[in-house]
Structures are given as C-alpha cells and as structure tokens.
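Here are my notes on this one, written for a first look. Have the structure open next to you and go through the points in order.

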Amino acid sequence: MIINRFAILSAGALALGSVHAQTILIDNFNTAGFNLQAPPSSSDLGDIVPATDTTLVGSVVRDVALTQDSGSGFVQANNAFGYVDFSNPSGAQGTLTVSYTLATANDLTSGNSFSFVLVNSDSGTVNYTITVTDSAAGISVSSGSIPIVPGVFSVLFSNFSLGADFSDVVGISFQLDAQTNGADASVDAFGINLPPVPEASTYAAVGFMGLAAFGAYRRARK
C-alpha cells in the first residue's frame, strides 16, 4: 500500500534531522548515459553506473524508461550535462523512471532519508515516487510533489510504506511524473542524506555540484 503522507524538508530542517547520518550517493548522473524522447516510449537499459558516480557497494545497473502519458509533442529526458533534465512540451505530460539493480545487497540504515538535489522546477506540477526493493522482494514506496524552489530535499525512511528491509536493499527506483502539461524538472543527484549545505569539499568528494551552481544551471536552460 502506498502511503500518501510524505516529507520534503528544507536544507535547514534536513540539517537538524541528519547530523549523524551517513551520506550514500546512488547516482550523480555525471556520466552521460541516456538521451530519450517519447512518444510513445523509449528506454536506455543496462548501463553500469561508474564507481565515480555512486558510493553504493558492488555493481549498480541503471535502467531508464520514458513514457508520454497524454497530449502531443515530444517528452524528453537526458543526463548529457551531468544532471537529469526532464522536459515536457506545453501540450503533453510524461513519466521518467530511473531504476537501479544492485548486484550486492546494500544496508541503507546508516542513513534516515532519501534525498535529491533539485536544480530547477517550473510552475508545472511534477511528482516523485521512490521505490525500495529488498532481496526477499519486499517493496516500500513513498511519493509526493517536487517543490519549485531549488535545493536539497529529503524523503524520510519513516514515510515509506512498510514492506522492504532497508538493511538488505537490492533495488531502488526514482520516478518523475508530470502532472500538468509542460511541467519540467532537473535533478543533479539522488542518494541517501545528501549534504544539506554546499560545502565544497563534501560535494567534490561525491562528485556533484553544490547549490551555488544552481543559478548558472537555470540561466543555461533559458
């Protein structure tokens, strides 16, 4: 059962709640791997996420699927610039799903929340859904709406539906679903307890840009 209750925390709130939590990078999207366009759908399957792009234990395979759900015009998604750019035309809505299959089960309980670095989000509504699968096929899900203001945002483990053992995770997916025509979003990184403030040394260590780069990103998109 999906629990509709969710939490997206501001940088300040995240700092208070995750002082002692370990950062685990799932994907910083720095290695270009997909450039997709729909309708009706397209996919990029079986990419190995390089060790420079993730800190998960063992090999990580990334599968990406893009689907146009309604309307006309091409829905697009790519990571050619080191972040995921999910773009919907003015007359269409689409869904982007990025799934990770872990060759080695990972214990995520040293953290307490999934988080993503939001580079840009326009006035259209984009929902996220994060799904966790354990080695016994137990599944936990949490979903909500992405805010408009860029920053590091968190989804607490406590807001996931019961089912998956977070100490024995073999699959993770991160889905972006446009709820309005023309909705766009850009995400720089996805992980566990990503740093809430742009400390240069910390962000350099895990391989993605800090919040100071958001202005440049947004100008580049115009």
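1. Before anything else, a word on terms: helices and strands here are DSSP runs, with helices (H or I) needing at least four residues and strands (E) at least two, and they are numbered from the N terminus. Keep in mind too that this is a predicted model. The chain comes out with three helices and 13 strands.

2. How far can you trust it? The average pLDDT over the chain is 84, and 79% of the residues score at least 70. Go carefully with residues 1–19, where the pLDDT is below 50; that stretch still has 44 contacts in the model beyond near neighbours in sequence. Residues 199–206 also have a pLDDT below 50, with eleven such contacts.

3. Now the overall picture. The chain has 222 residues, and 50% of them count as buried. Take the contacts with a separation of 6 or more: 76% of these come from residues 24 or more positions apart.

4. Find Ser161 next. Ser161 sits in the loop between strand 11 (151–156) and strand 12 (169–178). Is Ser161 buried or exposed? Ser161 has a relative accessible area of 5%, so it is buried, the cut-off being under 20%. What does the side chain of Ser161 reach? It gets to the backbone nitrogen of Val141, at 2.9 Å.

5. Ala189 counts as buried because its relative accessible area is 0%. Look across to Leu118 too: Ala189 and Leu118 are 71 residues apart along the chain, yet their C-alpha atoms are separated by 7.9 Å.

6. Last, the cavity. How many cavities of 30 Å³ or more does a search of the whole structure find? The search finds one, and the largest cavity has a volume of about 30 Å³. Its lining is made up of Val84, Leu96, Val98, Phe174, Leu176 and Val187. Strand 7 (92–106) and strand 12 are the elements that give two or more residues to that lining. By type, the lining residues of the largest cavity divide into six nonpolar, no polar and no charged.

Conventions: Residues numbered from 1 in each chain as written. Predicted model: local features only at pLDDT ≥ 70, side-chain atom pairs only at ≥ 80, totals over all residues. Heavy atoms only, no water. Buried < 20%, exposed > 50% of the residue type's maximum accessible area, 1.4 Å probe, protein only. Polar contact = N/O pair within 3.5 Å; in protein donor to acceptor, adjacent residues only side chain to side chain. 1 Å grid on protein atoms, 1.4 Å probe; cavity = no way out; pocket = protein on both sides within 12 Å on 5 of 7 lines; lining within 4 Å. Points joined across faces, edges and corners; volume = space filled by probe spheres on them. Nonpolar A, V, L, I, M, F, W, Y, C, P; charged D, E, K, R; others polar. pLDDT = per-residue confidence, 0-100. Contact = heavy atoms within 4.5 Å.
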